[in-house]
Amino acid sequence: MERNGPSSPPSPPAPPRELAAAECLRLLASVPVGRIVYTRQALPVVEVVNFAIDGGDIVIRTDPGGALAAATHHTVVAFEADEVDTATRRGWSVMAVGRSREVTEPQDIARLRDIGLRSLESGGQEHFIRVTPGIVNGRRLTG
């Protein structure tokens, strides 16, 4: 027999689950766009970038004359990517912090060109930046 009356309130979302570093890198590799955070004129800057994971490093292809290329020479940067379904409150978010450096080895540049990584910027994108994460953490949202 059904009862008429107020329905029960929706249950609160489950707490996020912390992710291991290996799972964080696997999730990062599953999406093509993320955000890099660096400092320009002593202020934080966030840029949306295409990226790839290469040997555990985050690789970004950019314009060699752009602000991103100039601001990430051997500096500490943060990188974030996520995939969230707002309707179900499910998804994940990963953040990595590490030192950036320009890719200069011709063999490495040729190999990175072959993986098909493209920049979101217009112009000549012959500059690759490699970020080696020292800190990687993430969480899975379970709705």
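Let's start at aspartate 57, which touches Ala52, Arg101, Arg130, Val131, Thr132 and Pro133, leaving out residues up to four places away in sequence (touching, or contact, means heavy atoms within 4.5 Å). This is a predicted model, where local features need pLDDT of at least 70, side-chain atom pairs count only at pLDDT 80 or more, and totals for chains, interfaces and linings use all residues. Residues are numbered from 1 along each chain as its sequence is written, and side-chain values use heavy atoms, with hydrogens and water left out.

Aspartate 57 sits in strand E5 (strands, E, are DSSP runs of at least two residues and helices, H or I, of at least four, numbered from the N terminus). With 10% relative accessibility, aspartate 57 counts as buried (under 20% relative accessible area, with a 1.4 Å probe and protein chains only).

Now for the nonpolar core (buried Ala, Val, Leu, Ile, Met, Phe, Trp, Tyr and Cys residues joined through side-chain atoms within 4.5 Å). The largest one has 22 residues, and Ile36, Phe51, Ile58, Ile60 and Phe79 have the most contacts inside it. Among the elements that each supply at least two residues of this core are helix H1 (21-28), strand E5 (57-62) and strand E8 (127-142). Another core, of seven residues, lies apart from it and includes Val103 and Leu112.

Phenylalanine 51 and phenylalanine 79 are both buried. Their rings form an edge-to-face aromatic pair, 4.7 Å centre to centre with 70° between the planes (ring centres of Phe, Tyr or Trp, the last by its six-membered ring, within 6.5 Å; planes over 60 degrees apart for edge-to-face). Phenylalanine 51 lies in the loop between E3 and strand E4 (52-54) and phenylalanine 79 in strand E6, so the pair ties together parts 28 residues apart in sequence.

How values were computed. Buried < 20%, exposed > 50% of the residue type's maximum accessible area, 1.4 Å probe, protein only. Phe/Tyr/Trp six-rings, centres within 6.5 Å; stacked < 30°, edge-to-face > 60°.
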